[in-house]
Amino acid sequence: MVLFKVARVQTSPIEGQKPGTSGLRKKVKVFKQPHYLENFVQSTFNALTESKVIGATLVVSGDGRYYSEQAIQIIIRMAAANGVRRVWVGQHGLLSTPAVSAVIRERVGHDGSKATGAFILTASHNPGGPTEDFGIKYNMENGGPAPESITDKIFENTKSINEYLIAEDIPKVDISAIGITSLEGPEGSFEVDVFDNASDYVKLMKSIFDFQAIQKLLTSPNFSFCYDALHGVAGAYANRIFVQELGAKESSLLNCTPKEDFGGGHPDPNLTYAKELVARMGLGSHAAEDPPEFGAAADGDADRNMILGKRFFVTPSDSVAIIAANAVESIPYFSSGLKGVARSMPTSAALDVVAKNLNLKFFEVPTGWKFFGNLMDAGMCSVCGEESFGTGSDHIREKDGIWAVLAWLSILAYKNKENLGGGKLVSVEDIVRQHWATYGRHYYTRYDYENVDAGAAKELMAYLVKLQSSLDEVNKIVKGISSDVANVANADEFEYTDPVDGSVSKHQGIRYLFEDGSRLVFRLSGTGSEGATIRLYIEQYENDSSKTGRESQDALAPLVKVALGLSKMQEFTGRSAPTVIT
Ligand SMILES: O=P(O)(O)OC[C@H]1O[C@H](O)[C@H](O)[C@@H](O)[C@@H]1O
Ligand SMILES: [Mg+2]
C-alpha cells in the first residue's frame with residue numbers, strides 16, 4: 001500500500017480562466033504554464049459543495065488530445081489531496097463526452113459507488129497537438145455541464161486563489177491497463193479505477209435501440225455504410241458498436257484510431273473539415289464513384305455528428321426534425337411517445353413544424369447544451385438538437401454523436417424492413433425529401449467568419465443592434481439590396497427565460513425576422529480560442545412542395561445578399577468570403 005502526503009502549494013491568480021460555453025479552452029502552451037491547470041482544478045474543487053469532493057467519486061478522462069495524459073496524472077494527485085475517495089479513468093484516459101455523461105449516470109463501481117461529477121479533458125472540435133488547443137470542463141451529478149452558478153464561482157475562485165493541494169508523491173498511475181490502484185493518504189483510502197471506456201456506453205445504447213434491426217440493415221447486401229471519427233475519441237466506440245455489435249465491415253471505418261493531434265486535422269464534422277468522408281460519399285470536387293448509402297462523422301470528443309446520404313448532405317436542423325418525426329415508430333426507447341422537443345435559437349424551425357403537427361411540447365433555447373439539460377431533468381424534453389451538428393436525447397445530458405448515427409440507422413432499418421433482401425432501398429435522400437413534402441422545407445445555411453479581429457466583430461454586432469431601433473430604416477436597406485425578399489417584421493436580441501428555474505439569459509443572438517418566416521441571425525461564437533468568430537445563420541421556409549427541391553445556395557441567394565449588405569460584413573471585417581459555409 002502506497003502512503004501519500006498532502007502538499008499545500010503556494011500560487012497566485014492567473015488571468016483569463018473564465019470557462020466558456022463548454023469549459024476552459026486554451027492553447028496547450030497556456031495550459032502548460034506553471035500552476036495553470038492546478039489553479040483551475042483547485043478553483044473547481046473549491047466551488048463544489050463538500051460532499052461532492054470529500055469521499056466522492058469523480059470521473060477524469062477525455063478525447064485523448066495532446067497533454068491529456070499529463071493532465072490526468074495531475075488531477076489524480078489533486079483529487080487525492082482534496083479528499084476525493086475514487087477517481088474513475090477510462091482506459092488510456094479516453095472517454096467521449098457522451099460516454100462521460102453515461103458513466104456518471106449509469107456506472108456502478110466494484111464497491112457499489114456512483115460518481116457525482118467529472119473533469120472532461122477536451123477542446124471538442126478544435127485541433128489538438130503541442131501548438132493547438134487543450135480544454136477542461138466540469139460536469140455535474142446529472143451528467144451535464146456545470147451550470148453558470150458553478151462556472152461563475154469557479155471563475156471567481158481563480159481570481160483569488162493562493163494555494164492548491166496536491167499529493168506529489170503519488171507515482172504515475174498506469175492508465176493504459178484496466179485495474180484498480182489503491183493508495184492510502186492522511187484522510188484514508190484513495191483509489192484509481194481504470195475501466196473499459198466503451199462498455200457502459202455500449203450497454204446504454206443497447207437499451208435504447210433495436211440492435212438486431214440495425215444489424216439486419218448493416219449486414220444487408222444492398223446497404224453500405226461509412227463512419228469517420230476524424231481521429232477523435234469516437235474511434236474507441238466505432239469499432240465496438242458498428243463492427244463488433246452491429247456487423248459492419250471494418251473497411252467502413254475511416255480515421256477511427258484516436259490520435260493526440262487528430263492526425264493533424266480539424267476534428268469538426270462538417271462539409272469543409274470532414275474532407276475524406278465527403279469525397280467518399282460522392283460530394284465535393286473529389287467525389288468518389290460509387291458512394292455508400294450512409295455516411296457519418298464525429299468531432300474530437302464525439303458529441304457532434306454529421307449525417308450524409310449517397311451524394312446528399314442532411315442539415316443538422318433537418319436531422320433533428322426527422323429524428324423527432326420518426327422516433328416513436330423507429331426507436332424502442334421512445335415507443336411510448338416524446339415528452340417534448342427543443343432546439344437552439346439559431347437552428348432552423350424545421351423542428352417547430354414537426355412539433356406543431358405532432359402536437360408536442362416545444363422549446364427554443366439559447367445556444368449551448370446546458371439549456372436542454374434543465375428541460376430534460378424536469379421531464380419536459382426527449383429529443384433536441386442544434387444547427388452546430390449536435391443532436392441528442394434525454395438518455396444523457398450531453399449531445400451524442402454516435403446516438404445520432406444509431407437513430408438514423410434505426411429510421412433506415414424501419415423504413416426498409418421489407419427491402420433488405422434486395423429490393424430498392426428507401427435512401428437517406430428519400431427520407432429527407434419525403435419529410436420536406438410533408439412538413440415543408442427550411443432552406444438553411446450558416447456562414448462562419450473565423451478569427452476576425454475581436455474589436456471589429458463587436459462593432460459589427462453593435463451596429464446590427466442599433467439598426468434594430470428602426471424597422472423602416474431596415475426595410476429601406478433590405479429593399480435597396482433585393483426586391484426578392486419579404487419585409488422584416490421584427491428585429492430583436494434573443495432572450496430566454498428558463499421555464500424550469502426562471503433564470504434569464506440575455507443577448508443570445510441578434511435576429512431579423514421576416515414576414516414570410518425567413519430569418520437572419522447573427523452571433524459571436526462562444527467556443528473559439530483566438531480572435532472572434534462571427535456566425536451568420538440564414539433561413540427561408542418553403543411549403544409549396546413543387547419548390548422544395550431547389551439547390552439551397554440558389555434558393556437563399558437573395559437573403560444572403562441582404563444579410564451581407566445589411567451587416568456591412570466586408571466593411572467591418574475586411575472579409576469578402578466566410579471561412580466555412582455549412
Ligand atoms: O458558440 P459556438 O462556437 O457557435 O458553438 C456553439 C456550440 O458549442 C458547443 O459545441 C456546445 O456544446 C454546443 O451546445 C453549442 O451549440
Ligand atoms: Mg464536441
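Ligand 1 lies between domain 2 (202-435) and domain 3 (441-581), because both give residues to the shell around it; the domain bounds come from an automatic or database domain assignment. This is a predicted model, in which local features need pLDDT of at least 70, side-chain atom pairs count only at pLDDT 80 or more, and totals for chains, interfaces and linings use all residues. Side-chain values use heavy atoms, with hydrogens and water left out, residues are numbered from 1 along each chain as its sequence is written, and chains are lettered from A and ligands numbered from 1 in the order in which they are written.

**Around ligand 1**

- The ligand is surrounded by 13 residues, each with a heavy atom within 4 Å of it; E386, K399, S525, T527 and R535 are the closest.
- By class, the shell holds one nonpolar, seven polar (Gly would count here) and five charged (Asp, Glu, Lys or Arg) residues.
- Oxygen atoms of ligand 1 make polar contacts (N or O pairs within 3.5 Å) with side chains: E386 at 2.5 Å, K399 at 2.5 Å and S525 at 2.6 Å.
- Taken alone, ligand 1 exposes 390 Å², of which the protein buries 97% (Shrake-Rupley method, 1.4 Å probe).

**The magnesium ion (ligand 2)**

- Its protein donors (N, O or S atoms within 2.8 Å of the metal) are S124 (OG), D299 (OD), D301 (OD) and D303 (OD), at 2.0 to 2.1 Å.
- Water is not among the atoms, so the site may look incomplete.
- Along the chain, these donors follow the spacing S-x174-D-x1-D-x1-D.
- Both D299 and D301 are buried, meaning under 20% relative accessible area (1.4 Å probe, protein chains only).

How values were computed
A polar contact is a pair of N or O atoms within 3.5 Å; within protein, one must be able to donate a hydrogen and the other to accept it, and residues adjacent in sequence count only if both atoms are side-chain atoms. Donors are N, O and S atoms within 2.8 Å of the metal (3.2 Å for Na, K and Ca); water is not among the atoms, so sites may look incomplete. Buried means under 20% relative accessible area, exposed over 50%, partly exposed in between (1.4 Å probe, protein chains only).
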